[in-house]
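Hi everyone, thanks for coming. Let me put the structure up, and we'll walk through a few parts of it together.

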Amino acid sequence: MKKFTCVVGIAFAATLGFGQAACSQTDESMKPDSIEYKIAVQRACQAAIWAMPAVSTWDIANSIIRDLGGKVGDVVSLSQPMTSKHGFLTANDVTPYAVAALTTKSGPLVVEIPPASEKAAFFGTFVDAWMRPVADAGATGSDKGKGGKYLFLPAGYKGEAPKDGYFVFPLESYSINFALRPVSKGDGTIAEAAAYARTLKVYPLAKAKNPPKTTFLDATGRVWDTLPYYDETYFQDLNNVVQNEPIRERDKSMYGLLREIGIEKGKPFKPTKEWVSIYKDGAKCAFDYLQETFVTPGGGLVPYYSGDSQWMAFNAPADQAKIGFPFESDGVPLIELRAKSYFYLTYYPVKLGPASFYITALRDADGKQLNGKDTYKLNVPKNTPARDFWSAIAYSMVTKGFIRDAKRVGLSRRKIDEMVKNDDGSVDIYFAPKAPKGFEANWIPTGEDFFVIFRLYGPEDAAFNKSWQLGNIEKVK
């Protein structure tokens, strides 16, 4: 027999200006070997899989407050690219990101994107509380690189919106979030790209005639961890989503399931040790399942080349690409497909563009998963088809973020003058716990199981038509 005892509490969401409560739950029969316990774990597991993108979005918002001392409305604008101090799902280490987790709960919100300059231009996407793409920004977005005012209307908004001078986007949530990359152009520097990023503006529509100054936070050199963790804290995050976002019609049945595991809108949340145990087991179940789909071809990744190539591409179904990656079909959430994608990715675009190209390797040439004990080598040919540059980054197989405390997380053609080159102009990149002697500049540290994402910036046709093919990562024996 379940018993719920609720008390009013305070959580970090109060800092966000949102209401938050806490609940004490007791259950005299919730023993690990009972059917009630097993059913509760299964419900928690399914809830975690369903909520994956929303929890990931919430964790970004929470981290800005917890780790950087920020507030809602602040923009994190790095002066340098991310490093191993930054926990972010499969981020790159070559551009100084601009990231924000905003809310329209108090009314419509404006984000002004500056025009592309001679030195830098924005590339990125606005997403809602469910990581659903709302609008692309920059050259591939609504402003076409000319800059513009993006106006976001909160869920259920009944007021009038300006008809002229804005790109207007009604939301199904209160949250609107972005991760924009200020990409360097020509001989533009990282410093110039970062300075360009700090020319964007965020302000309420109600203050459009005299906008307040946007606050920028620099996370460079600071620990900033936005990653979701699959333990009991996952359900605290999920509860915060439930309390602070409107219930979408298509999600009501899942909200019924959430009630059965002690999460209910408007009700306090403070689980007892029995429920903490259930949440831990449920989160582990979700992680184990999503991890299995990640490493299994056809799950989160699909083969890119034919034959014995181990390089994979994101599993981005063509039908979803055509409609802007809502991960829905006829209004019904594609829970499985959505979770498989957002388990390791963030900020899908509304429209796929030609600005970048990604392939991923989980295995070496022999088909064995990459581990943190052995030494591996990747040969990057001189003729790699990237107008701008190529990049290779190692990510933790557990967190899907950078390998923590690594001296460097990746290498790119921007550093090629520092690397040892082969006679044919190619370079060998080494992935290993220790640097191979004489190849320190070509080394990406590991020390734990990992995978690699290889990116092309300004990819040429040869990457897409597959007339160019990157060789497999080889174990050094």
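In which sense do strand β6 and β12 pair, and over how many bridges? Before I answer, please keep in mind that this is a predicted model. The pairing is antiparallel, and β6, residues 109-113, meets β12 over four bridges.

Next, two helices. The axes of α6, residues 273-295, and α8, residues 335-342, come within 10 Å and cross at roughly 80°. Angles from 65 to 115 degrees count as roughly perpendicular, so that is what we call α6 relative to α8. On the α6 side the contact uses Tyr 289, Leu 290 and Thr 293, while α8 brings Glu 336, Ala 339 and Lys 340. By class, that contact has three nonpolar residues, one polar and two charged.

Last stop, the largest pocket, with about 850 Å³ of space. Its lining has 33 residues, and the closest to the centre are Phe 314, Pro 349, Leu 352, Ser 356 and Tyr 358. Elements giving two or more residues to this lining include β7 (120-128), β11 (175-184) and β26 (450-459). By class, the lining has 20 nonpolar, eight polar and five charged residues.

Thanks, and I'm happy to take questions!

Notes: Residues are numbered from 1 along each chain as its sequence is written. This is a predicted model: local features need pLDDT of at least 70, side-chain atom pairs count only at pLDDT 80 or more; totals for chains, interfaces and linings use all residues. Side-chain values use heavy atoms; hydrogens and water are left out. Two strands pair if DSSP finds at least two bridges between them. Axes are lines fitted to C-alpha atoms, for helices over the stretch in contact, and angles run from 0 to 180 degrees between N-to-C directions. Angles under 35 degrees count as roughly parallel, over 145 as roughly antiparallel, 65 to 115 as roughly perpendicular and the rest as oblique. Contact means heavy atoms within 4.5 Å. Ala, Val, Leu, Ile, Met, Phe, Trp, Tyr, Cys and Pro count as nonpolar, Asp, Glu, Lys and Arg as charged, and the others, Gly among them, as polar. On a 1 Å grid over the protein atoms alone, a cavity is a set of points where a 1.4 Å probe fits but cannot get out, and a pocket is an open set with protein on both sides within 12 Å along at least five of seven lines; lining residues have an atom within 4 Å of a point. Grid points are joined across faces, edges and corners, and a volume is the space filled by probe spheres set on the points.
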